[in-house]
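Open the model in your viewer and keep the selection tool ready. We will go stop by stop.

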Amino acid sequence: MKAIINGRFIIPDETGCFTVEEGLALFFDEKIRAIRPAATVSAAEREELEACIDARGAYVSPGFLNVHIHGCVGADTMDDDPEAIRKMQLFQAETGVTSFLPTTMTYDFPTLGRALRHVREAMAREEGARVLGCHMEGPFISPAKKGAQAEKNIAKADFAKIAPYQDIVKIITVAPEELPDGGQFIADCHAHGIVVSLGHTAADYATARQAIEEYGAKHITHLFNAMTGLHQRRPGVVGAALDTDANCELIVDNVHIHPAVQRIVYRLKKDHLILITDSLRACGLGDGPSELGGQKVFVKGTLATLEDGTIAGSVLCMNDGLRIFRENTGAPIEEVVATVTKTPAKELGLYGELLGSLSAGKNADITIFDDALKIQRTIVAGRDAYSA
C-alpha cells in the first residue's frame, strides 16, 4: 500500500461536483483504497506503507484522459510500427495523461486495419499511459470539410467495415449528412458501445440537431473546426452543438480557438466540455517539417499547417492546454480538471467504477501538478508512469 499526503486533492463532493480539499491522505495500490483525514493516519500505519508520497502542496488530481490525439514525439497512430504507440504512451504520461485514445486518420481500410491492430496490442501494454482503445476520425466524413484529411480516402459509412474492430473503436467521427441510412449507422455503433461524434461535416443545423437529439450522436469533434459555423440565420453544426447537451471537444492552443471563444464555450458548455490536444507527431519536437496522414506539415511555434496553409492538428500537450484554458477563462482548477477526467470518463461509460475521479475503488490513476500545470508525477494503476 502507498499513500499521498500534503496535497490539494481534487475530489468529488457529495453532489458529485469536483472540489479542492486539503488535509487528506489518499491510500492506493492498483486501486484507490481510501481517502481520509491525514490526522487520522497513525505512525504505525505510515511505517507499514510501501511509500508515502509528499505532494508538498501540489494538486493531486484524477489522471487526465485525452480522447483525441494522433501522435507526438515523432510517432503517429497510423505508423505501421508497434513501437509508435508505445512512444506515445510514454510521452503522454509526461503530460499528466493516464489514459488516451490513439486517433486514426482517413485512410484506406487495409491501412486502417493495421493501425487498429497495433492499438489492440497496445491496450494490453502496461507502460506509460493506458490505451483505452481508438478514436477513428474518418473515413466517413465530408469532402467539403475534410480539413487536413486526405479526400481520396473518404468513404461512405458502412458499419460492416468497423465491426471487426468494435472492441477497439470507442469514438468514431462522421459527417451526418453523408450517412446513407439516416440513423441506422449511429444505432449500430451505439449497440456496440461506440460513441458517434459529429465532425468534418458540412451539415446544416437541422441535420446536426437530428443526429444529436434523435439519433444520439452526442459528441462533437474539435468544435468550430471543420464544420459549418454559427451564423445568425444559419446556426450550423456549431449552433446545434451549443443548443443541445452534446459533449464538445475543444483544442485550446489559442491557434484553433480564440481565447474569447473559449470563454463563451466555457460559460455555455462547461458540464459538456472535453479538452483535447489533437496533436500530431510533431508534438514535443519543436519547429520544422513533419507529416500527417501522408501529407507534409510545417510547424512554427504553436502552429502546424499543410502546404496550402490549412491548419493540421496541433502540437499541444494536455497540461499546457489546461493551463491555457484556465488563464483564458478564469475557470477554477477543479472545473478545468473535470473537462479531461469526469466528462470524458462518463461519456465512455467508465466513470461509475473505473476512471475519472479520485474515489475509493477506482483505478489509481493520479496526476500531481503544480500551480503552473507542470507535471510532477503521473501514476497509472498504482505504478509510477512518470516522475519529474
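Select Gly356 first. In this predicted model, Gly356 is buried, with a relative accessible area of 7%. The cut-off for buried is under 20%. Gly356 sits in the loop that runs between α11 (342-347) and β22 (366-369).

Now show what surrounds Gly356. Leaving out residues up to four places away in sequence, Gly356 touches Phe18, Pro62, Thr341, Lys342, Ala345 and Tyr351. From C-alpha to C-alpha, Gly356 and Leu116 are 25 Å apart in space, and 240 residues separate them in sequence.

Next, the largest pocket. Select Cys17, Phe18, Lys270, Asp271, Glu334, Glu335, Ala338, Lys342, Thr343 and Lys346, which line it. Two or more lining residues come from each of α10 (333-338) and α11. The space inside is about 270 Å³.

Move to the second largest pocket, with a volume of about 200 Å³. It is lined by 17 residues; select Ala148, His200, His222, Ile311 and Gly313, the closest to its centre. Here the class colours give nine polar, six nonpolar and two charged residues.

Last stop: the cysteines. Cys72 is buried, at 0% relative accessible area. Finish on Cys52, which is partly exposed at 37%.

Note on methods:
Residues numbered from 1 in each chain as written. Predicted model: local features only at pLDDT ≥ 70, side-chain atom pairs only at ≥ 80, totals over all residues. Heavy atoms only, no water. Buried < 20%, exposed > 50% of the residue type's maximum accessible area, 1.4 Å probe, protein only. Helix = DSSP H or I, 4+ residues; strand = E, 2+ residues; numbered from the N terminus. Contact = heavy atoms within 4.5 Å. 1 Å grid on protein atoms, 1.4 Å probe; cavity = no way out; pocket = protein on both sides within 12 Å on 5 of 7 lines; lining within 4 Å. Points joined across faces, edges and corners; volume = space filled by probe spheres on them. Nonpolar A, V, L, I, M, F, W, Y, C, P; charged D, E, K, R; others polar.
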